[in-house]
Amino acid sequence: MHPVMKPALRRGWRDRETAQFGMTPAHALTLGPMDPATRDFLDLLNGTRGLPLLREEGHRMDLPAGHVDTLLARLTRAGLVDDARGGGPAADALRARTDVLRRLRPDLAALSLTTTEPGGALARLAARRALRVQVRGAGRVGAVLASVLSGAGVGEVDVHDAGRVEPWDVAPGGLPAESLGERRDTAARAAVRRAAPDRPPRRAHSPGSGAHDPGLSLVILTHRDDVAVHAPDPADADPLLASGTPHLYAGVVENTGVVGPLVLPGESPCARCLHLDRADRDPDWPRLTVQWRCARAHRVPACDLTLATAVAGLAAAHALAFLDEQSPSSTGTRWEVSAPGLNWHARPVRPHPACGCGAAERPKEEHSSTGGDARATMAVQRPSPERRRTTGAARPTGTWRAHV
């Protein structure tokens, strides 16, 4: 291990003995009390030294025996330390691609804030390169979303859609004006390749194979049809449920953006659960959906460019969180935002007992509000000004949550 203090967290000194790492409430931690030698030792944690050399440096600085290992253990448990050479073979391969890693350095820094294990951020970034995602729908939302996922390092992002690019499909970061008249899926795949930090090998795409492909990590349904956004057709997802493929819904209907639900087959509610629940609460719902879906009038649905971009960005963030083995809040929830208020609201999707997806049969489980392990396993708490003033340098260095 070659320890390095995570560069994504800005450092500031609350007083001569107490350092704060990070600025925002989600990540800020304070470290103290520290004597001058420990304070100087932190500057040596820059990824250029292994543990044996760090122990030697600590001895030269007259740090007590075992102090270096104790300090590093606590910093690691608090999520403040990364490993400049960690992450495993896939991370080593990515580390060797310096041009690619330079493109992804901001993403790597962001991942370091959500991983506590040293080397974990680069390991996750490297794991993205082996993932395969399909986006179904190449309009203003889908094409931008697919490009964002590709730019964030997802190895293969395929786009499925029909028809040709129309003027209203064009969007910054998505389909360019030069693609007018091209096949939508062809133009969207070209945009994905342009956004990628490197050039993964192109695969042959056989018609109709995508939804059944067992190699897909996630399918994202970004229909251009506003009815399909507001009232997803359960039949569209039946092959995904049968194959156990996780899928996420996103799009714009009228002046409302929608992200979710993320469906984990057999675990979280699906589009049929949503349809059945709506029918229970509104007896006229089935009649309305039939009329909406049967309407044949050719029209361009409302899709504000800024709203579509916001939806694409949020959906991409939820997709990446899932692909990085986190639990995004869109699981079993539709996030909706409407202009002009632009306030996001969570609309829970409940498992329906009449649906055969299996989500209603799962026992209710208690979930931690943090969605995972605690960020630090030692004394982690919000420091009061009185505590900071009265603690002495003789006490072991500890970490606390900061008031921000």
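Let's start at Pro-33, which sits in the loop between strand 4 (29–32) and helix 1 (36–42). Helices and strands here are DSSP runs numbered from the N terminus: a helix is H or I over at least four residues, and a strand is E over at least two. The peptide bond leading from Gly-32 into Pro-33 is cis, and its omega is near 0 degrees.

Before going on, keep in mind that this is a predicted model, where local features need pLDDT of at least 70, side-chain atom pairs count only at pLDDT 80 or more, and totals for chains, interfaces and linings use all residues. Residues are numbered from 1 along each chain as its sequence is written, and side-chain values use heavy atoms, with hydrogens and water left out.

Now jump along to Pro-340, in the loop between strand 11 (333–338) and strand 12 (345–348). Here a cis peptide bond links Ala-339 to Pro-340, with omega at about 5 degrees.

Next up are two residues with a positive phi. Asp-62 isn't a glycine, yet its phi is positive, at about 65 degrees. You'll find Asp-62 in the loop between helix 2 (51–60) and helix 3 (67–77). Is Asp-62 buried or exposed? Its relative accessibility is 68%, so Asp-62 counts as exposed. The cut-offs are under 20% relative accessible area for buried, over 50% for exposed, and partly exposed in between, using a 1.4 Å probe and protein chains only.

Glu-254 is also a residue other than glycine, and its phi is positive, near 50 degrees. Look for Glu-254 in the loop between strand 9 (247–253) and strand 10 (256–263). With a relative accessible area of 56%, Glu-254 is exposed.
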